[in-house]
Structure formats: C-alpha cells, structure tokens
Amino acid sequence: MRKLLLPIIIISISLILLVKLFYLQVVDDSLKLKAENNAIKKVYEFPERGYVYDRNNTLLVANQPSYDIMVVPREIKNIDTIEFCNLLGINKIEFINKIEKAQKYSPILPSVFISQLNKKEYAAFQEKERKFEGFYTQKRALRDYLVDYGANIFGFIAQASYSEIQENSYYNNGDLIGKQGIEKQYEEVLRGIKGVKYLLRDKHNKVIGSYKEGKYDTIAQNGKDLVLTIDAELQKYGTELMINKRGGIVAIEPKTGEILALVSAPTYDPALLVGRQRSGNYTKLYHDSIAKPLYDRGLQAQYPPGSPFKIITGLIGLDEEVIDEQTGFVCHHGFYYGRGAFMKCHDAGVSRLNNGIYLSCNTYFANVFKRTIDKYETSATSVNKWAEKVKSFGLGQFLGTDMPIGARGLVPTAKTYNHYYPNGRWNGNTIISNSIGQGEILTTPIQLANMMAAVANRGYYYTPHIVKSIKGDTIDKKFVTKNKVLINEKYFDPVIEGLADVYNRGTASSLKVDSLQICGKTGTAENKIRVAGKTYQLKDHSIFVAFAPKDNPKIAIAVFVENGYWGNRWAGPIATLMVEKYLKGKITRKDLEKKMLNGSLEDEYKKIENIIYQRFPEPKKIIDSIPQIKL
C-alpha cells in the first residue's frame, strides 16, 4: 500500500493542477468576458437584416446604413460641450438629460446618445470624434423600403424597449428590433446574429489590442431573406383602389393558403417610420383615433359578415339534410318570425337554393336556419352543432396566421344565448338574424377570404400565411397541413353554381367580366355606433366575397368597405377588379376601374367625425393640434 501512496499523491496533485490550469485558461477567461470588466471592451458588429421579396422575387425591403453616437458615461473626460452640442444640433439641457439617462442605464456600458445620423451628420462628427472621449459611432442598418405600400405587412423596426432588453439577453440598449408585421413575427430570422470583438485596454483606458488574440471574437451573421406570398402588383393595385375609403382587402390562393394581397385602408408610406423622424411620425399616426391608419382592418376589424354568411347557412342546411337543392320557400318580401317581428327581403316568389343564393333571398335562408335549429330536441344542442360546423371554416377563432396580430371574431353557442336569456326561453326565431350574418356573429376580412378558399376547394383550406419561403430555412409545417371542414364534399357544387349565377344573372350581374367565370356573393351589413350612450345609424358596410375561376380556382377574396352602402356598389367592383388584375394581368372593365380609383367616401366618414366631435369636443382639439401627415 505504501508503494501506491506516492504515485496516488502525485497523480492527484497533477489532476488538481490541470483543473486549475483549465479554469485559469478557459473558464476564467470566459467569466471575464461575461463580467463588467474595465480591462476588456466589447465592440459589436451588427449584421445586415434579411431582405424581403414578393412572390415574383421583386425586392421590396432592403437596408441602408445608419450611424448612432454611443456614450460610455464613465469614460467622458474634458470635452468641450459647447462644440459638441453645436456639432450635433442639440442644446446643453438635452446633453445633460441624455447623459443622465445613459448614466442611469449603466455608467460603464455603452448606450445610444443620438440615434440614426445621416451620412452628412456622421461625416461631420467622425472628423472630430477623437476630441470627445467617451463617445464613439456605431454603424447599424436601417430599413430601406423600395415601395410606398404594404406598411401593415412589413411593420417597422425601432430601438428595443427596456422590457424587451430584460426579456431577451441578446438585445442591448440601442439595439433595433421588429415592432409590427413580419419585422416582429420573423425577428429572429431577419435580424441575424451580432458579431463581437473583445479588445484589451491598459490602465489609461487605451485600447492596446485584441483580447487573447481574438480567440473569443465572433463574426456577424447576416439575417435570412424572406420571400413573401404577396403579389406586389396586386397589393399596390388594391391600395390604390382603397384610397379615400376605409376597410380591408384580403386575397388568398386557395390551393396553398398563400396570402396574395393584404390591404388595409387608410394606410401610410412605410418610409415614414424610418430614421430620426420615426418617433414623431408614429405619434401622429397613433393619435389618429378616427381613421386609425395603424389598425390593420384586414386582420383585426370585426364586422357582421352579412349575406356572404348565407353560403354557410346553405351548406349546413344541406349537410344536416333539412333541405335539398329543390326545397322551396315562398317569399313575400320578408319573413315573419314572431308577433310584429319581420325580416325584410327585396325578393318575392318561390326561392330555392340556386336563386336563393344569386338573388340573396333573406326569407329562404331564414327558413333554412330555422329548420337547422329546430332539428334536434333542444335549441341548445342544435346551436352547438351548428357552431361546430361554422367554426370548421376558420370562423370564430384565431386562424393562426404568421402575422403577430389578429382577431377571433365571434360564433355564438348555446352558452352565449343562455347568458343572454338565463330563463332558457330562446329558439331558432330568437336568433334568426344569424341566418343572414346579422346576428351575434362577427368575422374579420381574412376569415371571410379563408372561408371562400374553403368553398373554392370544395371542403378544405390551408392556414393563411404571408411568408412563402425563408432562405436557408423552412416555413412552419402547419402552413402546408390541410384543414378539412365539417361539410360533406358533395354539397359544395350546388352552392358554387349559385355563386356563379350571382355574376351571371344575380346581384353582381353588372360586374361580369368577359372570359372570366367568377363565383361571388354580395353583402350588406348594418352599421351603428354608440357614442355617449346614444346609438347612431350609419350607412351600411359594403361586403363582397368571391373566388375565380369556378374550376381550379386561383384566387379567393374578401372586400369590406366601411359605410359603403351595399355590396355591389363599392366592395363588389373592387373585388372584381382585383380578380381580373391577378388572373389576366390587365383590366378590361375600365368603367369600374375609373369609378373605384376616383371614388371617395370621405363625406360619409366626416359624418362619423361630426357625431363624435359633437359629443366630445375635446378630442377634436387634440387631433387638430397634431400636425397631419399624408396617408
């Protein structure tokens, strides 16, 4: 045993020395880098953010150089503040406030003193930078928008907030982060990975070389490029058609779920939210609480679907076998559903499925809905079965798109009506307005476009998405997974025949386009606002949904125009023009195009503003005091 003792001691001591050496050379070095070490200076290299292209590889978003002036408060020594302030166009109070803010963040870490200098400002400062110890310039990349539309799709980038920095250690004070749109949703893909260099300083705070000969330095990795599903020309055209109107357009490729156009009106030039004017411009846009240019109506606005919902009413009636194609109901310009309760209809005579759709007969669909709700032992059971089938079209729920915002909409269930009628005394007549999309049900434009994609596909849809591909990566599997609706496939063809006849001889016959077989449905939704406890009746919303061609469809679309009177007055022509533009690449209905491009609903929107200002005069003073920008 004594013979083994000495070798054991020697081996043990050797192991201890090796571990200590490893700690000193590796672990200790890495800890020094992570700690706030005065002897080591971190210099970041910012990567280029990924470019953004449309589905046809047209470049939409690139980058442009920008320069920030950074400050490390503890390193500031004997600078001429007057010369410094004059050089940057700030006063001494601003200088002091910025230094105090930086000091509060960290006296030894860099933070942004002035952001986003242009080339001229940068050149002037760089020439005298050596005179201002504690300050240095940091190059970054700002967005360069090559188009003046699509702001709701792109979003914008801005400095990471304090909470964002606390939540994610990747970001430091002054770093840029996506705030809305694809810039936010695909932030980790687009931003890339920062590079870092570790520099060694002497006791006089002078950089004397690389730390450990650059052993721990990393190279910046540029962000990945995105190819969007958007057709840039179609997006631009939709934006032009919606000038002086409010609402949304959503167009989808049915076979893939790819979003071809996502228009929200009013909108703004995305370049407004780039550079040093971004904050001021954002404030102006944010405080426009009437037009709401930052509000994406295509994704967030919830409207009653109106007559397009009759498509669902008819499909469920067929699937529940409470009607067939030949079932007829006599219409006397309306439907009585209770004592003194009458649902008006512009039609008269016997309505069946086909002419019920193309003439949009309220009486027909009220009867179909009532039979559906009366089918089972209790109305509660019927409504829940009905709601389940409605939701299978993607209504009443978040669709799961790859945009960071959206709205659920509403599909009522038995629970909804038990809440409204706690005594349980409700039935199909009580909730009959749902039959024509005017009850409690609410939808967004993207939900209706997706609904039409499901109808066009005869019973399935793909989750709508706006990114087609990621360079060097793949999109989420859910966007290539088929979602089936709870309606038998055999019932779609008779409904689609009715939708085709909407253009052939129905409510959209005036919108027909030669050589194109479009299937569509007009819609009008009642529109009321409540201000200070008083309800005001406004002009109805104009709604239109469509897909084309009838066979092997390439586009499904939903258009909402707020206060647009009725379906074929504004929404119908816009939808028709969008379909023709996409499928034919040119417009033959020049009469419709001229009317839509030159048409305005601003007078209707002024009426809304007047109602609000009469009740609340103070908001007008606030809004009038904010400099307006062109939308």
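Modeller: Happy to; we will take the ground rules, then the whole chain, then single residues.

Biologist: What are the ground rules?

Modeller: This is a predicted model, where local features need pLDDT of at least 70 and side-chain atom pairs count only at pLDDT 80 or more, while totals for chains, interfaces and linings use all residues. Residues are numbered from 1 along each chain as its sequence is written, and side-chain values use heavy atoms, with hydrogens and water left out.

Biologist: How many helices and strands does the chain have, and what makes a stretch count as one?

Modeller: The chain comes to 21 helices and 20 strands. The C-alpha atoms fill a box of roughly 100 × 80 × 55 Å along the principal axes.

Biologist: How much of the chain counts as buried, and where is the cut-off?

Modeller: Of the 631 residues, 53% count as buried. Buried means under 20% relative accessible area, exposed over 50%, and partly exposed in between, with a 1.4 Å probe and protein chains only.

Biologist: What share of the contacts joins residues at least 24 apart in sequence?

Modeller: With contact meaning heavy atoms within 4.5 Å, the share is 72% of the contacts between residues at least 6 apart in sequence.

Biologist: Why is Gly247 called buried?

Modeller: Its relative accessible area is 0%, and the limit is under 20%, so the label follows. Gly247 sits in strand β11 (residues 247-253). Leaving aside neighbours within four places in sequence, its contacts include Val263, Arg297, Tyr303 and Phe560.

Biologist: How do you know that His541 is buried too, and where is it placed?

Modeller: His541 has a relative accessible area of 8%, so it is buried. Its place is in strand β19, and Tyr303 and Glu562 are among its contacts beyond four places in sequence.

Biologist: What makes the pair His541 and Asn527 a polar contact?

Modeller: A polar contact is a pair of N or O atoms within 3.5 Å; within protein, one must be able to donate a hydrogen and the other to accept it, and residues adjacent in sequence count only if both atoms are side-chain atoms. The side chains of His541 and Asn527 are joined at 3.4 Å, so the pair qualifies.

Biologist: Which peptide bonds are called cis, and with what omega?

Modeller: The bond from Ala265 to Pro266 is cis, with omega near 0 degrees, and Pro266 lies in the loop between β12 (258-265) and α10 (278-286). The bond from Ala548 to Pro549 is cis as well, with omega near -15 degrees; Pro549 lies in the loop between β19 (534-548) and β20 (555-561).

Biologist: What makes a set of residues a nonpolar core, and which members touch the most others in the largest one?

Modeller: A core is a set of buried Ala, Val, Leu, Ile, Met, Phe, Trp, Tyr and Cys residues joined through side-chain atoms within 4.5 Å. In the largest core, of 143 residues, Trp386 and Phe393 touch the most other members. Helix α16 (residues 445-456) gives the most to this core, with nine residues. Apart from it lies another core of 18 residues, among them Leu88, Ile114, Leu117 and Phe135.

Biologist: Which residues of α2 are buried, and what covers them?

Modeller: In helix α2 (residues 81-88), the buried residues are Glu83, Phe84, Cys85 and Leu88. Their cover includes β3 (59-71), α3 (92-105), β4 (111-117), α4 (119-128) and β5 (135-145).

Biologist: What caps the N-terminal end of α2?

Modeller: Asp80 does: one of its side-chain oxygens lies 3.1 Å from the backbone nitrogen of Ile82. Just after the helix, Gly89 takes a positive phi of about 70 degrees.

Key
Helices (H or I, at least four residues) and strands (E, at least two) are DSSP runs, numbered from the N terminus.
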